[in-house]
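Thanks, everyone. I'll walk through some helix packing first, then a few individual residues. Here is the model.

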Amino acid sequence: LAPSLPLQEDFVYHWKAITHYYIETSDDKAPVTDTNIPSHLEQMLDILLQEENERESGETGPCMEYLLHHKILETLYTLGKADCPPGMKQQVLAFYTKLLGRIQQPLLPHINVHRPVQKLIRLCGEVLATPTENEEIQFLCIVCAKLKEDPYLVNFFLESKLKAMASKGSASVITEDMLKGQDSLTTDTGQAVQPEEMPSAAGAEHMEKEDDLLQQADDLSFSMDELNVTSSPESSTVRPNQDYNLVNSLLNLTKSPDGRIAVKACEGLMLLVSLPEPAAAKCLTQSTCLCELLTDRLATLYKALPQSLDPLDIETVEAINWGLDSYSHKEDASAFPGKRALISFLSWFDYCDQLIKEAQKTAAVAMAKAVRERFFIDVMEPQLMQTSEIGILTSTALLHRVVRQVTSDVLLQEIVYFILGEHREPETLADINRHPLRHRLIEHCDHISDEISIMTLRMFEHLLQKPNEHILYNLVLRNLEERNYMEYKPLSQEDKDVVENGQIAGAVDLEEDPLFTDLSPDNTLSTQEWLSASPPVSPEHSKNDGKTEVHKIVNSFLCLVPDEAKSSYHVEGTGYDTYLRDAHRQFRDYCVICLRWEWPGSPRSLEKCNLEASFFEGHFLKVLFERMGRILDQPYDVNLQVTSVLSKLSLFPHPHIHEYLLDPYVNLASGCRSLFSVIVRVVGDLMVRIQRIPDFTPKLLLVRKRLLGLEPEGPIIDHMTLLEGVIVLEEFCKELAAIAFVKYHASSTP
């Protein structure tokens, strides 16, 4: 030890110089920067660093031993708390920050480090916009970083209420005797401790026991800041019996008017919520105001939005990153009223989303539930349920944006339950209103205002693309589980022979389908040539697994719209093959999402299904089918959105969805309708109406070219809505054919 003795002497010299300042000075009003204290503290740090560098890693040198034994950090904390001389708090915070940040050996396990660190944490964020805010946040963030490296240490920072109360209510009294008494090497209990008994870096476990033994003594001891203990009334809160002051101080600093400080505080919280310690997670959500902060700020920012915002602005405002909420109205060419407020709301929502995504599992669930209850239900739901059309439109557009933006699975689950409820049993017409918000939003898909209809449909379309099994199950699948949309006839021997010959029992050709009898007689549905885009059906695909041959299905959809109502073959690049690429890509994406839901590969066997139960397609499909049935009388934009949602639904790789939405040959039970039967009715209606419109085909072609931008806008054409509806219908049938084809080939290739 001989060579390092001068270092220790040097270290003690600098510390004595600081303590003597307090004993000798009479002017405590002079700022700390006019004294030598900052330079002595800096020297002490340099000596500690030098000592560590000269030793083997993990070995505690005599200077560090001196710092620990003499409770130098406790003394500094007291001086910082008293801010004596003025500016001392800043110096102490900086000293702690550099000590924890630069010294390699673990210091926090030492009782004479984590105790004063804990107390100093309580001083942070007490008052906003103080001169020490910057040092406070640096100090808190270094503590968070240390806990991230060794999460178990967080247990030292979950304090009992008793201790916190004693400290909160204490008066800062510094006496000369105490500063002189710094030399005596004693612990809280007054026992002398031999240097070799002192805790080393590896003594965390030993320290924990010592911590318990010393806790009561420490609460009542005459440590420097606890001479006149008076418990203050505000410390007796009704929260459970632990305090997590590190979180509380960070929460206070998130309210700082200085944006950089607030962001650093948010980053500190992000580190703390991700710690895997269950006790810390429980304390975080039960004993701190973290959930309240998240939800109250969401609510405040939401309420600050204008009553009316353009849905397009809500949708297109640039991607929000919570840490970069530095929007300048002056520099923005595309500014609109309320943009600043919208960006603030969306960036805070993004922060909540990221926080929940990073958080330990139980903390994540608690935070997400709080966001659902205190923000979605209390604040957003009344907005979505109102009757003002402008209000409905704005709140639905905001919900749509939130659904698009959410990335945390746990928060998504709560948003899904908020929108759809948690029910999973089949729907009936009688209980359609069980979850009022779900009912209202589905009704809005068929609202008198086209804008509201389109926005709500878009919200559902994005919801369906989210990776959450409950969405599709709640909206559609729970009603198809029993396959009771089918009429089941057990196969006779004759039927079995037919099936073996490659035909489907009970299937009828479309030409003989009674629904088609009102179509024009000149054989509009003669089988087309098999499309060049589709490979021929190879012999090994002769279907005796109960699936209708794919070319029959594809042709059924392609032949639905009669030739005189078709216009795409007059225009280049609008064939059915253009849909195949899109369908293939989208189907692949959907399969990735649905993989973990472990859906069956084939429909449930009819023997196990309750076919007696009356079939109801569910509220969602009911509204979509009704809108689909009015495709010839609805605006073009509404039709595009309705068909877009239906095509997204039919892409899902679930056998019942495939059967119900994409198989024209399903024997429907009486009184049931499917997507195909709805389209068949529309086509029947169309055939009657075509007869009444002179020059139908040329007009149809002109409208298509205008929609594609191949023709300039000219005079208004009669029956415009009908003509546009026919074009959407034709395109939709091609899209369904492509989806059926892609799904068939995906299931038949191993």
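Start with helix α14, residues 290-303, and helix α17, residues 361-384. They pack at an angle of about 25°, with axes 9 Å apart. Before I go on, the ground rules. This is a predicted model, where local features need pLDDT of at least 70, side-chain atom pairs count only at pLDDT 80 or more, and totals for chains, interfaces and linings use all residues. Residues are numbered from 1 along each chain as its sequence is written, and side-chain values use heavy atoms, with hydrogens and water left out.

Now the terms for helix pairs. Helices are DSSP runs of H or I with at least four residues, strands are E runs of at least two, and both are numbered from the N terminus. Axes are lines fitted to C-alpha atoms, for helices over the stretch in contact, and angles run from 0 to 180 degrees between N-to-C directions. Under 35 degrees is roughly parallel, over 145 roughly antiparallel, 65 to 115 roughly perpendicular, and the rest oblique.

So α14 is roughly parallel to α17. Their crossing is right-handed. That term means the near helix is turned clockwise from the far one by less than a right angle; anticlockwise is left-handed. Who makes the contact, meaning heavy atoms within 4.5 Å? From α14, the residues include Leu 290, Leu 294, Leu 298 and Tyr 302. From α17, they include Met 367, Val 371, Phe 375 and Met 380. The residues of this contact divide into 13 nonpolar, two polar and four charged. Nonpolar here is Ala, Val, Leu, Ile, Met, Phe, Trp, Tyr, Cys and Pro; charged is Asp, Glu, Lys and Arg; the others, Gly among them, are polar.

The crossing of α25 and α31 is right-handed. On the α25 side, Tyr 579, Leu 580, Ala 583, His 584 and Phe 587 make the contact. On the α31 side, the partners include Glu 731, Lys 734, Ile 739, Phe 741 and Val 742. The tally for α25 with α31 is nine nonpolar, one polar and four charged.

α6 passes α7 in a left-handed crossing. Val 117, Leu 120, Ile 121 and Leu 123 of α6 meet Glu 136, Phe 139, Leu 140 and Val 143 of α7. How do the residues of the contact of α6 with α7 divide? Seven are nonpolar, none polar and one charged.

Step back to the whole chain. It has 31 helices and two strands. Of its 750 residues, 54% count as buried. Buried means under 20% relative accessible area, exposed over 50%, partly exposed in between, using a 1.4 Å probe and protein chains only. Among contacts between residues at least 6 apart in sequence, 80% join residues at least 24 apart.

Now single residues. Ser 453 sits in helix α21, residues 450-464. Ser 453 is buried, at 0% relative accessible area. Its side chain makes a polar contact with the side chain of Arg 627, at 3.0 Å. A polar contact is a pair of N or O atoms within 3.5 Å; within protein, one must be able to donate a hydrogen and the other to accept it, and residues adjacent in sequence count only if both atoms are side-chain atoms.

Next, the loop between α22 (469-475) and α23 (493-500), which holds Asn 484. Asn 484 is buried at 7%. The side chain of Asn 484 reaches the backbone oxygen of Ala 613 at 3.0 Å. Arg 483 lies in that loop, between α22 and α23. Arg 483 counts as buried too, at 8% relative accessibility.

Last, backbone geometry. Most residues other than glycine have a negative phi, and most peptide bonds are trans. Arg 483 has a positive phi of about 55°. His 719 has a positive phi near 55°. At 42% relative accessibility, His 719 counts as partly exposed. And the peptide bond from Cys 84 to Pro 85 is cis, with omega near -5°. Pro 85 lies in the loop between α4 (72-82) and α5 (88-102).

Definitions and conventions: Contact = heavy atoms within 4.5 Å.
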